Amino acid sequence: MIDDQLVRAHRNNIQRYRFLLQTTLTEFERQFVERRLSEEQSKLDTLAGSGSSDASCTKDNHATQLT
């Protein structure tokens, strides 16, 4: 249950950061958001490695969205 809540929180943060990257940002702001996005994705990937089905599904969706 806790894993599901963590997965949801990371997914929401990733969505929020992706939205922010589509807006007008200064270079400093963009670097910050990109760094946070990378950190959130790493945390989600770690959860996916621990066996959470939601996390592994999100990981696959992320790879598809980036290509």
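**Histidine 10 and the helices**

A: Let's start with histidine 10, which is found in helix 1 (residues 2-21). Helices are DSSP runs of H or I with at least four residues, strands are runs of E with at least two, and both are numbered from the N terminus.

Q: What ground rules apply here?
A: This is a predicted model: local features need pLDDT of at least 70, side-chain atom pairs count only at pLDDT 80 or more, and totals for chains, interfaces and linings use all residues. Residues are numbered from 1 along each chain as its sequence is written, and side-chain values use heavy atoms, with hydrogens and water left out.

Q: Is histidine 10 buried or exposed?
A: Histidine 10 counts as buried because its relative accessibility is 12%. Buried means under 20% relative accessible area, exposed over 50%, and partly exposed in between (1.4 Å probe, protein chains only).

Q: What does histidine 10 touch?
A: Glu40, Lys43, Leu44 and Leu47, not counting residues up to four places away in sequence. Contact means heavy atoms within 4.5 Å.

Q: Which residues are buried in helix 2?
A: Val33, Leu37, Glu40, Gln41, Leu44, Leu47 and Ala48.

Q: What span should helix 2 have?
A: Helix 2 (residues 27-49) has 23 residues, so at 1.5 Å a residue it should span 33 Å. The expected span is 1.5 Å times one less than the number of residues. Its end C-alpha atoms are 33 Å apart, which agrees.

Q: Switching to charges. How many salt bridges are there?
A: The structure holds 2. A salt bridge is a side-chain nitrogen of Lys or Arg within 4 Å of a carboxyl oxygen of Asp or Glu.

Q: Which residue pairs with glutamate 39?
A: Arginine 36, with the closest N and O atoms 2.4 Å apart. Glutamate 39 counts as partly exposed, at 31% relative accessibility.

Q: And what about glutamate 40?
A: Glutamate 40 also bridges to arginine 36, with the closest N and O atoms 3.2 Å apart. Bridges with shared partners join Arg36, Glu39 and Glu40 into one network. At 3% relative accessibility, glutamate 40 counts as buried.

Q: Zooming out, how many helices and strands does the chain have?
A: The protein chain has 3 helices and 0 strands. Buried residues make up 24% of its 67 residues.
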